[in-house]
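Subject: Structure handover

Hello,

I am passing this structure on to you. Please open it first, then read my notes below.

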Amino acid sequence: MDTHCPYCALQCATTLTPGGPSGVTVAPRDFPTNRGGLCRKGWTAPAVLAAPDRLTTPLVRSAGELRPTSWEHALDVVARGIADAQQKGGADAVGVFGGGGLTNEKAYLLGKFARVALGTSQLDYNGRFCMSSAAAAGLRAFGLDRGLPFPLADLGGADVVLLAGANPAETMPPLLAHLTTAQLVVVDPRRSATAQLAVDRGGMHLQPAPGTDLAVALGLLHVVFTEGWWDRDYVLERTRGVEEVRQAAAAWWPERVERVTGVGVGDLRRAAAALGAARRDGAGVYVLTGRGVEQHANGTATTSAFINLALALGLPGNPGRGYGCLTGQGNGQGGREHGQKSDQLPGYRRIDDPAARAHVAEVWGVPADSLPGPGRTAYELLDALGTPAGPRALLVFGSNPVVSAPRAAHVEERLSALDLLVVADVVPSETARLADVVLPVTQWAEEDGTMTNLEGRVLRRRRAVPPPDGVRSDLEVLRGLAERLGQPAERFPTDPSEVYDELRAASAGGVADYRGIEWARLDAGEALYWPCPDRTHPGTPRMFTERFAHPDGLARFVPVEFTPPDATSADYPLYATVGRTLAQYQSGAQTRRVPELTAAEPGTYVEVHPDTAALAGLADGDLARVVARNGATRATVRTDARMRQDTVFLPFHFPGEERANLLTDPRLDPVSRMPELKLCPVRLEPLAGERTTS
Ligand SMILES: Nc1nc2c(c(=O)[nH]1)N[C@H]1C(S)=C(S)[C@@H](COP(=O)(O)OP(=O)(O)OC[C@H]3O[C@@H](n4cnc5c(=O)[nH]c(N)nc54)[C@H](O)[C@@H]3O)O[C@H]1N2
Ligand SMILES: Nc1nc2c(c(=O)[nH]1)N[C@H]1C(S)=C(S)[C@@H](COP(=O)(O)OP(=O)(O)OC[C@H]3O[C@@H](n4cnc5c(=O)[nH]c(N)nc54)[C@H](O)[C@@H]3O)O[C@H]1N2
Ligand code: SF4
Ligand SMILES: [Mo]
């Protein structure tokens, strides 16, 4: 059966064949994004289908313990809990937390369930922690947010690619097949696998202090303007607002950038020349951003600074050139289009737009004024749980915030303070273990649906094996609850293609218009890019070729100012930054259950320069305590002489005492409400002289 990998937004194409110890075996399939490649997570994904602790029966907590029960009872308990909470606290006393890994149909129906069956405004999702800064910056520059507004394969024609805060060598390995000929300029405080690759191939690695990228971008802009490498004709014809941005960049001469970021004057000039001179000579230039620059309390401004650079170079909308962000989760693109975000309705419509409300309300068969307004964003929602003003009940579909949310110990406390926590999952995640009701659901190879990959291209997920007995789909769960809440059953279809048809109608005329991407077209093997307004439309692989999505058709330069990151101090002299490693995925709920992946990365670690480690009395293999103002975690020391001496790195895939998010700071970006997930002042301490390695 032809389908796609369950994990990241590259959505590598696979063929599943029934058989083998996990029920299916996986083989890569040729597709323009992965070109027959898979990373080791994709190869081993079937193991999660047969996880020894796979959830197969609903669980309800009684006398302090989660106990198996029937679906009827479990759904009754949830419905009663919802009614109780809403009786005490009104519609907003129930919150919903979704995920960017859910299919388009699940994300859409979850949003509809929240707005119609619960009538709550308290709905947001884990993509707030992922794509929100990139989305906000893309919206204000281009009037529309599609992560890559061009096919990934276009990168094959690039001469120079700037990768700012992205490490695809570990996070999307098959993507590298598109970057074999380009000169790479990588901006990362670490010598990541991608940065090392760039250096090995004669490209460049700029290694700024974490959280200072905005100054790097301003410095690059400065040189591009002063050397006359900007694309004057493009800027005049296709953009607005260059003057203010140019003036701001004028103050960021390379020596100042070096003082603030640690990136040397020579390196900055060489990087600007690589981009600017190539542009001038007609070469293919791309600027791509990843979570390293976006997941900060100034992530929107920093992403805007890189977009300003791309606009000055005339990249967006020009053939063979472009700006894009690399979307993260499997359906991180579709997940932000169909209305599981606090301020959004399907079709990437705004919930405060009267015309959008009227359109969606009509599709849903409800009065427009019955739809709630915008609610709290992800961290604000989690932070409010169980407080007098916040929700008393929460339903979680497709996220594990006990591990992945900032200030995780506090979030765990808030979740524990709820009257009712309901988690739908495939395995007993750390969040499910806290729940009052756990609902076992189907996963990728057991279900049909659609996913929208990092290019904005809609793909079919196909069922290859039946789910285990006793497991229901998320769609069936939502219908079961909706009926108990007095909704007509037909308002909550359980057939994915039926939900998808409704989603298309709800998206019609919106920004992310799926109307013409019919299920039958997808089934016939087309993988169409939105917008696609009708059934004869070929879809839109390349956007902005004629005009941008603002009413005047012009892109916007957005003036942004550098703000220094949270300062280190004598007590917390180092910066910790947090990201990913190849063999684990996200909160690890899935990949920590795959023996081969756990053998490769069994527990957490802290990457640190050997001199920095020595100063703290630590050596390679020692167990360290990493202490921040908010909390502490423990990790095995991995020394690496390529690290900056002021910076350490931790992955966030591990639970309990090993959670990197015990450290992180929930300060929020003023525009996107993205928390400061990538940076936090810390110190290292030896942990009782223990060593974990031989
Ligand atoms: N193996 C694996 N692959 C994944 C995932 C996974 O969990 N595991 N998750 C998927 C998801 S949801 C996402 S969002 C993507 C994320 O994909 P990426 O954005 O590539 O991943 P990260 O490791 O979060 O961050 C990238 C780099 O940012 C750097 N960085 C940290 N702080 C800064 C900074 O201040 N400035 C700059 N310039 N760089 C900084 C880190 O050192 C890291 O190398 O990966 C997807 N793919
Ligand atoms: N400090 C720090 N924190 C971070 C990040 C960082 O870089 N630094 N990255 C952030 C980013 S980019 C992201 S995307 C988040 C991700 O963090 P999480 O939201 O925790 O992501 P996952 O671990 O993928 O959680 C998905 C959960 O849903 C379950 N699941 C899978 N498929 C389905 C389904 O179809 N239905 C249902 N109901 N459940 C399903 C899985 O088993 C798993 O328990 O973490 C964020 N947290
Ligand atoms: S790169 Fe992403 S989609 Fe491809 S196999 Fe790895 S995890 Fe799956
Ligand atoms: Mo993500």
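A backbone N or O atom of Thr171 lies 2.9 Å from a nitrogen atom of ligand 1 in this predicted model. In Thr577, a polar side-chain atom is 2.8 Å from a nitrogen atom of the ligand. In Lys41, a polar side-chain atom is 3.0 Å from a nitrogen atom of the ligand. How much of ligand 1 does the protein cover? On its own, ligand 1 has 920 Å² of accessible area, and the protein covers 99% of that.

The shell counts 33 residues. Asp188, Asp213, Arg580, Gln584 and Gln586 come nearest. By class, 16 residues of this shell are polar, 9 are nonpolar and 8 are charged. Three elements each supply at least two shell residues: helix H6 (168-171), helix H13 (291-294) and strand E22 (574-579). H13 gives the largest share, 3 residues.

Next, ligand 2. A polar side-chain atom of Asn661 lies 2.8 Å from a nitrogen atom of ligand 2. An N or O atom in the side chain of Asp474 is 2.9 Å from a nitrogen atom of ligand 2. Ala424 takes part through its backbone: an N or O atom there lies 2.9 Å from a nitrogen atom of ligand 2. Taken alone, ligand 2 exposes 920 Å², of which the protein buries 96%.

Which residues are closest to ligand 2? They are Asn126, Ser399, Ser404, Asp425 and Ser587, out of 31 residues that surround the ligand. The shell of ligand 2 holds 13 nonpolar, 13 polar and 5 charged residues.

Ligand 2 sits in the largest cavity. Why does ligand 2 lie between domain 2 and domain 4? Because domain 2 (59-129 + 331-441 + 473-498) and domain 4 (574-691) both give residues to its shell.

Best wishes

Definitions and conventions:
Residues are numbered from 1 along each chain as its sequence is written. Chains are lettered from A and ligands numbered from 1 in the order in which they are written. This is a predicted model: local features need pLDDT of at least 70, side-chain atom pairs count only at pLDDT 80 or more; totals for chains, interfaces and linings use all residues. Side-chain values use heavy atoms; hydrogens and water are left out. A residue is near a molecule or strand if one of its heavy atoms lies within 4 Å of it. A polar contact is a pair of N or O atoms within 3.5 Å; within protein, one must be able to donate a hydrogen and the other to accept it, and residues adjacent in sequence count only if both atoms are side-chain atoms. Accessible areas come from the Shrake-Rupley method with a 1.4 Å probe; for residues, only the protein chains shown count as cover. On a 1 Å grid over the protein atoms alone, a cavity is a set of points where a 1.4 Å probe fits but cannot get out, and a pocket is an open set with protein on both sides within 12 Å along at least five of seven lines; lining residues have an atom within 4 Å of a point. A molecule sits in a cavity or pocket if more than half of its atoms lie within 2 Å of its grid points. Ala, Val, Leu, Ile, Met, Phe, Trp, Tyr, Cys and Pro count as nonpolar, Asp, Glu, Lys and Arg as charged, and the others, Gly among them, as polar. Domain bounds come from an automatic or database domain assignment. Helices (H or I, at least four residues) and strands (E, at least two) are DSSP runs, numbered from the N terminus.
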